[in-house]
Amino acid sequence: MSPAADAATRTARRSTRFVAWVRAWRAGLVPFDELADEIAGDEEHLVADAPGTWTDVPLGQGLPLFAKLHPDDIRLVLPVPGDPRGLPGPGPLTGAALLAGEAIITPGFGVVPEVRRHTSGSGVEFETLLWRVLPAPEHRPVFQMGAAEAEAQLTAALGEATTRLTKLDVAQWKPELAGALQALRRPESTATLPPGFDPRARRLFARASVLDQVLALAETNAPGGAVNGYEAQQRDEALRPLTAACRQALVAACNSPLRP
């Protein structure tokens, strides 16, 4: 399996599927009964601190929290320290979203994913995913980049990063990263979003999702096979603009206007 294909099989940012499917439901394009399974897949998802509940509840019991919202009021944010775009001011929601690196934001509340790791009595390790609901009174989303602009920015950033990494001879000391980035210059599958998203958003989401996993893999392995610390620093500097463009592409795709 190629590095890019292998990266695509890893756990993606859960908030991207969450926001895409909930928005499609609120637009009347998918039935409510499909939501929990589409969002969770084969994972166990719970919701914490939802209004009217006293304990963690299954995902399907927490999703009605979005029942009165317009699709355009449900937004994906992928913040990092220094770039908190889309978040309200300082507070528990902003802090939790920055720590997780992702969240779903609405005019009245936000939902942040939290991975919980457990060990059974027999020593088997497993995970559950907790969606924590946090207040965001009267928060309105800021202007965001459209899918067309985000796609152009991602393409330019990918080309520049590949050129810089070639000059650094990254193929010699980290061939899996170089090969994955080259593979990602080709179009990817578009069958990744629910009904209602146009072809550009689908193409952008598919491409950015795989790239996001490649970049996460590169970060996990840092400094990887770098010959020295200087080369590792140069690699990180080459990837930083691409990482930012990738995050923006995911946000633009998932928040793009829905069509019947």
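Analyst: Two strands are said to pair if DSSP finds at least two bridges between them, and the strands themselves (E, at least two residues), like the helices (H or I, at least four residues), are DSSP runs numbered from the N terminus. This is a predicted model, in which local features need pLDDT of at least 70 and side-chain atom pairs count only at pLDDT 80 or more, while totals for chains, interfaces and linings use all residues. Residues are numbered from 1 along each chain as its sequence is written, and side-chain values use heavy atoms, with hydrogens and water left out.

The chain contains 10 helices and six strands. Those six strands make up an open sheet of mixed pairing, which reads E2-E1-E6-E5-E4-E3 from one side to the other. At its edges stand E2 (57-58) and E3 (75-77), each with a single partner strand, so one side of each is left without a neighbour in the sheet.

Starting from the E2 side, E1 and E2 pair in the antiparallel sense over two bridges, with Val 47 opposite Val 57 in E2. The loop between strand E1 (45-48) and E2 holds Asp 49, which has a positive phi of about 65° although it is not a glycine. That deserves a careful look in the model, since most residues other than glycine have a negative phi. Asp 49 has a relative accessible area of 45% and is therefore partly exposed; here buried means under 20% relative accessible area, exposed over 50%, and partly exposed in between, with a 1.4 Å probe and protein chains only.

E5 and E6 form a hairpin with five residues between them, and in its turn Gly 123 has a positive phi of about 90°. A second hairpin, with three residues between its strands, is formed by E4 and E5. Strand E4 (residues 103-105) runs antiparallel to strand E5 (residues 109-119), with two bridges between them, and Ile 104 has Val 111 as its bridge partner in E5.

Next comes what lies against the sheet. Helix H5 (residues 92-100) lies across E4, E5 and E6, running at about 50° to E5; this angle is taken between N-to-C directions on a scale from 0 to 180 degrees, and the axes are lines fitted to C-alpha atoms, for helices over the stretch in contact, where contact means heavy atoms within 4.5 Å.

In one of them, Phe 18 and Trp 131 are tilted, at 4.4 Å centre to centre with 55° between the planes. Rings of Phe, Tyr and Trp (its six-membered ring) pair if their centres lie within 6.5 Å, and planes under 30 degrees apart count as stacked, over 60 as edge-to-face and the rest as tilted. This pair links distant parts of the chain, since Phe 18 is in helix H2 (residues 14-26) and Trp 131 is in strand E6 (residues 125-135), 113 residues apart. Phe 18 counts as buried because its relative accessibility is 2%, and Trp 131 likewise counts as buried, at 0%. Through ring pairs, Phe 18 and Trp 131 join Phe 66 and Phe 109 in a cluster.

In soluble globular proteins, nonpolar side chains tend to be buried together. A nonpolar core is here a set of buried Ala, Val, Leu, Ile, Met, Phe, Trp, Tyr and Cys residues joined through side-chain atoms within 4.5 Å. The largest such core has 55 residues, and those with the most contacts inside it are Phe 18, Phe 66, Trp 131, Leu 154 and Leu 242. Among the elements that each supply at least two of its residues are E5, E6, H2 and helix H6 (147-167), while the largest share, 11 residues, comes from H10.
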